[in-house]
Amino acid sequence: MNPRTTLITGATQGLGRGLALDLAARGGTVLLHGRDRTRLDRVASEVRAAAPGTTVRTYLADLADLDQVHTMAASIRAAEPRLDGLINNAVAGGGAEPHTRELSHQGYELRFAVNHLAPYALTRDLLPLLTASAPARVINVASMGQEALDFDDIMLERDYEGLRAYCRSKLALIMATFHLAAELAGTGVTVNTLHPAHLMDTSGVREYGLTPVTDVDEGVRPTVRLLLDPDLADTTGRYFDQFTEARAHPQAYDTEARERLMTLTDALIDRA
């Protein structure tokens, strides 16, 4: 019997759905997050049909609303006896109208909120369950698309463009990964991040007007490796380009910038 329990955010399509099907085939318990009840139930039924011996439960939340993030985390802590893995996969891409600046429920720039604030808040809220289940692993799905943060315009109120916002939010996620990994050293909880594959065949890629060049399965395999490979049991605070450890944007290694980001992040989450 496989006792592992893994939570996948953004599990209703694309990489998240692929991860759900892959992990369900391995047994254990798979927790699926989505923001649309109909799509979430549809994917849950598909996963159950593909892996009848696997336990599948669902959690509904719009990650553009930090109140819903906190509520979902509280529900998971109350309902789940353990959590061995968390894959922060949900994403807001460049958008179909990339010059239209969108805001989250709390009034934050949408991509920064969904791609950075929400996974950080969710991970923070689930740390009691993750540490109690240790060894446990957190995987943050980032991107090779990264752009330096401008702390004088963190919400991109000037010269807004959706892909720029996406790239900045993904660098913020990587910086938060490194921060959490250092904080959690010695707890048995590892935190790593990766670029899963180049321009996967997902709705976000197509919505922005880009042409997919790889299948979703290309991103599933390196993500699952970070979650399950026994050789990576003690690996933490690293960025991977698929299967290879790589260097992220230089700002990710600027400790002053990281501290500045995390101070701001904690303040923004506390205001939610």
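**Local placement, cores and helix packing in a predicted model**

Leu184 is located in the loop that joins H5 to E6, where helices (H or I, at least four residues) and strands (E, at least two) are DSSP runs numbered from the N terminus. The structure is a predicted model, in which local features need pLDDT of at least 70 and side-chain atom pairs count only at pLDDT 80 or more, while totals for chains, interfaces and linings use all residues. Residues are numbered from 1 along each chain as its sequence is written, and side-chain values use heavy atoms, with hydrogens and water left out.

Leu184 has a relative accessible area of 6% and is therefore buried, a class that means under 20% relative accessible area, with exposed meaning over 50% and partly exposed in between (1.4 Å probe, protein chains only). When residues up to four places away in sequence are not counted, Leu184 touches Leu127, Val189 and Val191, contact being defined as heavy atoms within 4.5 Å. Between Leu184 and Arg260 there are 76 residues of separation in sequence and 19 Å in space, C-alpha to C-alpha.

Thr177 belongs to helix H5, which covers residues 162–183. Because its relative accessible area is 0%, Thr177 is classed as buried. Apart from neighbours within four places in sequence, the contacts of Thr177 are Asn140, Val191, Asn192 and Thr193.

The largest nonpolar core has 56 residues, and those with the most contacts inside it are Leu7, Phe112, Leu117, Leu122, Leu126, Leu130 and Leu261; a nonpolar core is a set of buried Ala, Val, Leu, Ile, Met, Phe, Trp, Tyr and Cys residues joined through side-chain atoms within 4.5 Å. Two or more residues of this core come from each of helix H3 (66–79), helix H4 (110–132), strand E5 (136–141), H5, strand E6 (189–195) and helix H8 (255–271). The element that gives the most is H4, with 13 residues. Leu126 touches Leu7, Ala73, Ile76, Arg77, Leu83 and Leu86, residues up to four places away in sequence being left out of the count. Another core, of 26 residues, lies apart from the largest one, and includes Ala20, Leu23, Leu40 and Leu232.

H3 and H4 pack at an angle of about 25°, and their axes are 9 Å apart; axes are lines fitted to C-alpha atoms, for helices over the stretch in contact, and angles run from 0 to 180 degrees between N-to-C directions. H3 is therefore roughly parallel to H4, since angles under 35 degrees count as roughly parallel, over 145 as roughly antiparallel, 65 to 115 as roughly perpendicular and the rest as oblique. The crossing of these two helices, H3 and H4, is right-handed, a crossing being right-handed if the near helix is turned clockwise from the far one by less than a right angle, and left-handed if anticlockwise. On the side of H3 the contact is made by Leu66, Val69, His70, Met72, Ala73, Ile76 and Arg77, and on the side of H4 by Leu117, Ala118, Ala121, Leu122, Asp125, Leu126 and Leu129. Sorted by class, the contact of H3 with H4 comprises 11 nonpolar, 1 polar and 2 charged residues, where Ala, Val, Leu, Ile, Met, Phe, Trp, Tyr, Cys and Pro count as nonpolar, Asp, Glu, Lys and Arg as charged, and the others, Gly among them, as polar.

For helix H1 (residues 14–24) and helix H2 (residues 37–50), the packing angle is about 30° and the axes are 9 Å apart, so H1 is roughly parallel to H2. The crossing of H1 and H2 is right-handed. Arg17, Ala20, Leu21 and Ala24 of H1 make the contact with Glu46, Val47 and Ala50 of H2.

The peptide bond from Ala134 to Pro135 is cis, with omega near 10°, and Pro135 is found in the loop between H4 and E5. Leu156, in the loop between E5 and H5, has phi near 50°, a positive value in a residue other than glycine, and is buried at 4% relative accessibility. Gln242, in the loop between strand E7 (239–241) and strand E8 (244–245), has phi near 55°, likewise a positive value in a residue other than glycine, but is partly exposed, with a relative accessible area of 24%.
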